[in-house]
Amino acid sequence: MPVIPFKSKPTLSSEANLAAYIEYAKLIVLTGTHGFEWNDAIWKFPRTMIRFTKLEQNRTLSKSAIPNSDQVFDHDFTEFSKAFLINSLSENPKTHIRRCFQGLQYLDAAMRTSGAKTCITKVSRVHLQAARELIAKTGSPVELGGVLQSIAQNIARHNLTTNDIALWKHGFKKKIKPDIGKLPSDESIIALAEIFGRAYTTELDDESIYLTSLTALLISAPLRISEQLWLPITLLDSDLDSTGIEQWFIKFFSSKYGHHTNKPFVSIMSGH
């Protein structure tokens, strides 16, 4: 006589919720909004490509290679991962797809390392803590920890697991002290000061004009150093704010968001 495995009511409920969660994402993909099919092995987004590969493949698998079945998530975890990415985008179009996928990789690796089946209905604090330990070895634990925490909250919010993970926290702390290695040296600061100081006594060459102009921009309106490559000729502008006070800003193209935007001046610099 065959043995029928017993499943509790909470387990059956979480499995039904997971099926509905995945089905909803499939319907979104079916509309053609993203330009790929649900069963495609590779999903290409405007700014990144997702192959649903396991964490250990990050360093060994070529970016142009098509992964085999041993290199990707198992079927159940792939289905959830796809649904999580699509539903997250549906809720927030500015979702960082690559970062979300990295969080999923760490969760998958933690569940496999602990010997558990990578089924989302079984996710527990033990798996999240194991994923945290893996993330702790990376160079950006706060960011990845935040993603992992968001994944846990998403799973709990949609009742996809029977375990209590809604209040789990990654526990990483942002560095209070700046990374000395990322700060300019005293010599470079003194060199810039000397260039600024010569502006009143001698004519600056093109390189010095570029350096002083860029430094003035970064002091006035902090931005990524790469964004100075996208500055228009007419970058300086002003407008009245909601209180009728004139506010100055620079116009530039944001490579992160893919459109032109404005960067307000620091108030203390706007009058210079």
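Trainee: What is the relative accessibility of R157?

Mentor: It comes to 49%, and R157 counts as partly exposed. The cut-offs are these: buried is under 20% relative accessible area, exposed is over 50%, and partly exposed is in between (1.4 Å probe, protein chains only). Before we go on, this is a predicted model, where local features need pLDDT of at least 70, side-chain atom pairs count only at pLDDT 80 or more, and totals for chains, interfaces and linings use all residues. Residues are numbered from 1 along each chain as its sequence is written, and side-chain values use heavy atoms, leaving out hydrogens and water.

Trainee: Which side chain meets R157 in a salt bridge?

Mentor: A salt bridge here is a side-chain nitrogen of Lys or Arg within 4 Å of a carboxyl oxygen of Asp or Glu. For R157 the partner is E91, at 3.5 Å from N to O. R157 sits in helix α5 (residues 141-157) and E91 in helix α2, so this pair ties together parts that are 66 residues apart in sequence. Helices (H or I, at least four residues) and strands (E, at least two) are DSSP runs, numbered from the N terminus. E91 is partly exposed as well, with a relative accessible area of 49%.

Trainee: How many salt bridges does the count come to?

Mentor: The count is 6. One of them joins E79 to K26, with the closest N and O atoms 3.5 Å apart. That pair links distant parts of the chain, E79 being in helix α2 and K26 in helix α1 (residues 9-30), 53 residues apart. E79 is buried at 10% relative accessibility, while K26 is partly exposed at 29%.

Trainee: And which residue does E56 bridge to?

Mentor: R112, at 3.0 Å from N to O. E56 is in the loop between β2 and α2 and R112 is in helix α3 (residues 97-113), so parts 56 residues apart in sequence get tied together. E56 is partly exposed, with a relative accessible area of 40%, and R112 is partly exposed at 29%.

Trainee: R51 is charged too, so to speak; how far away is its nearest side chain of opposite charge?

Mentor: Lys and Arg count as positive, Asp and Glu as negative, and His and the chain ends are not counted. For R51 that nearest side chain is E56, 13 Å away, and R51 is buried yet has no salt bridge. R51 lies in the loop between β2 (49-50) and α2 (75-91).

Trainee: What lies 2.7 Å from a polar atom of the R51 side chain?

Mentor: The backbone oxygen of S62. Contact means heavy atoms within 4.5 Å; leaving aside neighbours within four places in sequence, R51 is in contact with residues including A41, I42, L61, S62 and V72.

Trainee: Now the sheet: what is its strand order?

Mentor: Strands of a sheet pair through backbone hydrogen bonds, either parallel or antiparallel. Two strands pair if DSSP finds at least two bridges between them. This open sheet of 3 strands runs β3-β4-β5, with antiparallel pairing. β3 (236-240) and β5 (259-264) stand at the edges with a single partner strand each, so one side of each is left without a neighbour in the sheet.

Trainee: How many bridges join β3 to β4?

Mentor: There are 5, and L240 stands opposite E246 in β4. β3 and β4 form a hairpin with 5 residues between them, where G244 in the turn has a positive phi of about 85°. β4 (residues 246-254) pairs with β5 over 6 bridges, and F253 has H260 in β5 as its bridge partner.

Conventions: A polar contact is a pair of N or O atoms within 3.5 Å; within protein, one must be able to donate a hydrogen and the other to accept it, and residues adjacent in sequence count only if both atoms are side-chain atoms.
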